[in-house]
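Hi,

Here is the structure I promised to pass on. Have a look at it first, and then read my notes below.

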Amino acid sequence: MAQTTQPPLTDPQAAAACAACGGSILFLVIAALALIALNIVLLVWVARDAKNRGMDNSVLWMVLVMVTGVLGLVIYLFSRPSGNVVKCGSCPNKRLQASAKCPHCGNA
Ligand SMILES: [Zn+2]
């Protein structure tokens, strides 16, 4: 009975290695998709929040956050008009509580 010091890769080992490899790729794909989805949610939130606060350049803010990421988000959070965002009484959108008129429907 001959014994080898270096046994060749058996099938279960190969299968396990392949599964681990495929699993990590799948994880990377899911992580990338989650990151993209999170980015889209963030961009939509910035655009909506800027519009709710009566900022005319909400699209510009969205582009800034898209290009610069977290840095742009921090800049936006510091430069946006502060105050409570409440539901408008005349339309289903939200508006700044302190604003003179709703940026969506124009009602006081
Ligand atoms: Zn309104």
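The zinc ion is held by four protein donors, Cys88 (SG), Cys91 (SG), Cys102 (SG) and Cys105 (SG), which lie 2.2 to 2.3 Å from it. Donors here are N, O and S atoms within 2.8 Å of the metal (3.2 Å for Na, K and Ca), and water is not among the atoms, so sites may look incomplete. Bear in mind that this is a predicted model, where local features need pLDDT of at least 70 and side-chain atom pairs count only at pLDDT 80 or more, while totals for chains, interfaces and linings use all residues. Residues are numbered from 1 along each chain as its sequence is written, and side-chain values use heavy atoms, with hydrogens and water left out.

Back to the zinc ion: its site is tetrahedral, with angles of 105 to 114° among the four donor atoms (four donors get that label if all angles lie between 85 and 135 degrees). Along the sequence, the donor residues follow the spacing C-x2-C-x10-C-x2-C. Cys88 sits in the loop between strand E1 (85-87) and strand E2 (94-96), and Cys102 in the segment after E2, so this pair ties together parts that are 14 residues apart in sequence. Helices (H or I, at least four residues) and strands (E, at least two) are DSSP runs, numbered from the N terminus. Cys88 and Cys102 are both buried, where buried means under 20% relative accessible area, exposed over 50% and partly exposed in between (1.4 Å probe, protein chains only).

Ser99 is also in the segment after E2, and it is partly exposed, with a relative accessible area of 23%. Its C-alpha atom is separated by 28 Å from that of Gly69, which is 30 residues away along the chain.

Next, the charged side chains. How many salt bridges does a search of the whole structure find? There are two, counting a side-chain nitrogen of Lys or Arg within 4 Å of a carboxyl oxygen of Asp or Glu. In one, Arg53 pairs with Asp49, with the closest N and O atoms 3.0 Å apart. The other joins the side chains of Asp49 and Arg80 at 2.7 Å, N to O. Asp49 belongs to helix H1 (residues 11-52) and Arg80 to the loop between H3 and E1, so that pair ties together parts that are 31 residues apart in sequence. Through shared partners, the salt bridges link Asp49, Arg53 and Arg80 into one network. Asp49 counts as buried because its relative accessibility is 8%, and Arg53 is buried too. Arg80, in contrast, is partly exposed at 21%.

Now for the helices. H1 and helix H2 (residues 58-68) pack at an angle of about 150°, with their axes 8 Å apart. That makes H1 roughly antiparallel to H2. For H1 and H3, the angle is about 20° and the axes are 12 Å apart, so these two are roughly parallel. Axes are lines fitted to C-alpha atoms, for helices over the stretch in contact, and angles run from 0 to 180 degrees between N-to-C directions. Angles under 35 degrees count as roughly parallel, over 145 as roughly antiparallel, 65 to 115 as roughly perpendicular and the rest as oblique.

Cheers

Conventions
Four donors count as tetrahedral if all angles lie between 85 and 135 degrees; four count as square planar and six as octahedral if opposite donors are over 155 degrees apart and all others between 65 and 115; anything else is irregular.
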